[in-house]
Amino acid sequence: MILKLRYYPDPYLRVSANEVGVIDDKVRELVQNMRESLVAYNGLGLAATQVGVDLSVFLIRDSDKGEPIEVINPKIISTSGRERREEGCLSFPELYLDIERSGKVKLKFYDINGQEREIEFEGILARAVQHEMDHLKGVLIIDRVSRTKRELIKGELEKIAERYGRKF
């Protein structure tokens with residue numbers, strides 16, 4: 001089932017996610033629906049808060065492996081390097097901002113089978129992990145730019161809000 005995506009300025013995008021207590025059928029169904037939604041929205045990543053669920057779950061697409069990586073209760077355990085690149089977000093259609101993030105990220109999380117995993121991500125996947133982690137804390141890409149830049153994109157944000165965001 002394709003889940004309804006939340007768009008800026010939907011207040012749910014500011015919700016902090018709760019840890020998943022038990023990976024049960026309800027969580028597995030959420031992950032399956034998020035998988036279908038990620039493909040339908042053609043995204044690189046999708047956090048549960050973006051589809052109105054306050055659980056600490058996100059998916060990212062690894063183009064090398066083909067299948068999305070399903071991440072439950074993630075914790076970043078180390079980072080290294082810094083890089084600035086253009087970044088977009090499904091909840092902000094057609095908005096791209098230069099964001100500085102770590103170039104490498106080591107992530108500890110649980111998979112859909114409840115197995116604890118640790119993976120080091122680089123480049124675009126490291127960026128995607130950090131972006132989705134932000135979503136789980138209610139942090140948006142517009143929070144990662146200067147106040148001056150937010151003023152400069154105010155018109156674009158108003159267009160997004162008018163076109164997509166007032167439907168919540």
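**Backbone and core**

Analyst: Glu-94 is part of strand β4, which covers residues 92-110. This model is predicted. Although Glu-94 is not a glycine, its phi is positive, at about 70°. Glu-94 counts as exposed because its relative accessibility is 59%, above the 50% cut-off.

Asn-73 also has a positive phi, near 50°, in a residue other than glycine. This residue belongs to strand β3, residues 68-89. With a relative accessible area of 10%, Asn-73 is buried, since the limit for that class is under 20%.

A further backbone feature is the cis peptide bond between Tyr-8 and Pro-9, with omega about 10°. Pro-9 is located in the segment that precedes α1 (25-40).

The interior comes next. In soluble globular proteins, nonpolar side chains tend to be buried together. Here the largest nonpolar core has 18 residues, and those touching the most other members are Met-34, Leu-46, Val-57 and Ile-72. Two or more residues of this core come from each of α1 and β2 (57-61), and α1 makes the largest contribution, with 5 residues.

Val-57 illustrates these contacts. Setting aside neighbours within four places in sequence, its partners include Val-20, Leu-30, Val-31, Met-34, Leu-46 and Ala-47. Also among the contacts of Val-57 are Ala-48, Val-71, Ile-72 and Leu-136.

Note on methods
Residues are numbered from 1 along each chain as its sequence is written. This is a predicted model: local features need pLDDT of at least 70, side-chain atom pairs count only at pLDDT 80 or more; totals for chains, interfaces and linings use all residues. Side-chain values use heavy atoms; hydrogens and water are left out. Helices (H or I, at least four residues) and strands (E, at least two) are DSSP runs, numbered from the N terminus. Buried means under 20% relative accessible area, exposed over 50%, partly exposed in between (1.4 Å probe, protein chains only). A nonpolar core is a set of buried Ala, Val, Leu, Ile, Met, Phe, Trp, Tyr and Cys residues joined through side-chain atoms within 4.5 Å. Contact means heavy atoms within 4.5 Å.
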